[in-house]
Amino acid sequence: MEIKNFIPIQFIEDVLRSLRLKRVRMKAFFIKRIGKVEEVPLALLNVPVPEISEDEVLIKVLACGVCHTELDEIEGRKIPKIPVVPGHEIIGRIIRMGRNVKKFRIGDRVGVAWINSACGKCKFCKEGLENLCKEFKATGCDVNGGYAEFTKAKENFAYKIPDIFTDEEAAPLLCAGAVGFRAIKLAEIKDGETVALFGFGGSNHIVFQVVRYLYPHSKIFVFTRRKNDEPYNLALKMKADWVGETGETPPQKCNKAIDTTPKGEVVIEALKILEKGGRVVINAIRKETKIPEINYDTLLWEEREIKSVANVTSSDVEEFLNIAKEIPIKPEIVRFSFEEANKALVMLKSGKIKGAAVLKIN
């Protein structure tokens, strides 16, 4: 197996030396107030490198994915702790460890996902539903994330990254991939069923690859914002069984649908094309617009369902990374420099990203 990401010990020594020279400071982007992403650019500040506790690791960030959730945070649909460093699709190398850390070694390449921590004691945590824990904390929202040169994570919420992925390829796997995988599990797809994907950005273009692998006899229909936009052309390139605009009538009814779009009205469109007994899974932390009134008789009756995805668990991330390595997943990546974070967010909002946006952090 080719190892793409071997880093000699010199890397660690150079990083530690640079930390000493900088007097333990780093560059990081912060969300400082709520507003439109076009009007409220992230603030690039020079701040202290995080101090770690005995069960945490300090990570030199190498890449961080740009997720639609960052738009929700900046624009106030999901209220973050202000100020906060956004970013929850983090890839980096461990350069320091707390004295109680056992899982890792200095130099290990790890990922950090949306789930930063959970209490571990409540009913939900004991049932493997950390994502529903009342004390759930989100990376880049409740605590500082990966739009920075360094970040930290608790040992149990950091994950070894398979060597077959580059840093940029691995970044979107930590949220777009992991939460997409949770959406697939909640959809309860059976092989041979027809699956509709509404939106074809960072998450659903990975969901597409997982569905093809796990359910090889299923058809996949893709609905995008408009014909010939970047997601539409990507779906054609990836050989979806049918591609159309949201609102179009597909060749046949669909058994399951996964909606990753920010628009509430898309839920109605998904119900319109759903077969009896079908299920729509909404894979979005917030909707920018309200879901319109649902006509029970024509859209929801006959045992159709709507289900939401809330966060991810640590086991979702670990299970997905193993499957991603088997397939292997090949994310479509649009790369940006660290300093281009604001540009990446504006392009993401306008639908101009083909696949997943990733910041490369030197």
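Buried means under 20% relative accessible area, exposed means over 50%, and partly exposed lies in between, with a 1.4 Å probe and protein chains only. By that scale K36 is partly exposed, because its relative accessible area is 44%.

This is a predicted model: local features need pLDDT of at least 70, side-chain atom pairs count only at pLDDT 80 or more, and totals for chains, interfaces and linings use all residues. Residues are numbered from 1 along each chain as its sequence is written, and side-chain values use heavy atoms, with hydrogens and water left out.

**K36 and its surroundings**

K36 sits in the loop between strand 1 (25-30) and strand 2 (43-48). Helices (H or I, at least four residues) and strands (E, at least two) are DSSP runs, numbered from the N terminus. Neighbours within four places in sequence aside, K36 touches E75 and K349. Contact here means heavy atoms within 4.5 Å. V346 is 310 residues from K36 in sequence, but their C-alpha atoms are 9.7 Å apart.

**Helix 2 and helix 11**

Helix 2 (68-75) has 7 of its 8 residues buried. They are T69, E70, L71, D72, E73, I74 and E75. These buried residues pack against strand 3 (56-66) and helix 11. G76 follows helix 2 and has a positive phi, near 90 degrees.

The axes of helix 2 and helix 11 come within 10 Å and cross at roughly 100 degrees. Helix 2 is therefore roughly perpendicular to helix 11. That label covers angles of 65 to 115 degrees; under 35 is roughly parallel, over 145 roughly antiparallel, and the rest oblique. Axes are lines fitted to C-alpha atoms, for helices over the stretch in contact, and angles run from 0 to 180 degrees between N-to-C directions. On the helix 2 side, H68, E70, L71, I74 and E75 make the contact; on the helix 11 side, L345, L348 and K349 do. By class, this contact has 4 nonpolar, 1 polar and 3 charged residues. Ala, Val, Leu, Ile, Met, Phe, Trp, Tyr, Cys and Pro count as nonpolar, Asp, Glu, Lys and Arg as charged, and the others, Gly among them, as polar.

**Helix 5 and helix 10**

Helix 5 and helix 10 (residues 314-326) pack at about 95 degrees, with axes 9 Å apart. Helix 5 is thus roughly perpendicular to helix 10. The contact residues of this pair divide into 5 nonpolar, 1 polar and 4 charged. G177, A178, F181, R182 and K185 of helix 5 meet D316, V317, E319, F320 and I323 of helix 10.

**Helices 6 and 8**

Helix 6 (residues 204-214) is largely enclosed by the rest of the structure, because 8 of its 11 residues are buried. The buried set is N204, H205, I206, V207, F208, Q209, V210 and V211. In helix 8, the buried residues are V266, V267, I268, A270 and L271. Their cover includes strand 10 (194-198), strand 13 (254-259), strand 14 (274-282), helix 9 (296-300) and strand 15 (305-308).

**The largest pocket**

The largest pocket has a volume of about 1100 Å³. A pocket is an open set of points on a 1 Å grid over the protein atoms alone, where a 1.4 Å probe fits, with protein on both sides within 12 Å along at least five of seven lines; lining residues have an atom within 4 Å of a point. Grid points are joined across faces, edges and corners, and the volume is the space filled by probe spheres set on the points.

The lining has 46 residues; H68, G201, T260, T261 and P262 lie nearest the pocket centre. By class, the lining has 20 nonpolar, 15 polar and 11 charged residues. Helix 2, helix 5 (176-187), helix 8 (265-272), helix 11 (341-349) and strand 17 (356-360) each supply at least two lining residues. Helix 2 gives the largest share, 3 residues.

**Backbone exceptions**

Most residues other than glycine have a negative phi, and most peptide bonds are trans.

P83 lies in the loop between helix 2 and strand 4 (90-97). P328 is in the loop between helix 10 and strand 16 (333-337). E188 is in the loop between helix 5 and strand 10, and counts as partly exposed because its relative accessibility is 48%. N228 is in the loop between strand 11 (219-224) and helix 7 (230-237). At 57% relative accessibility, N228 counts as exposed.
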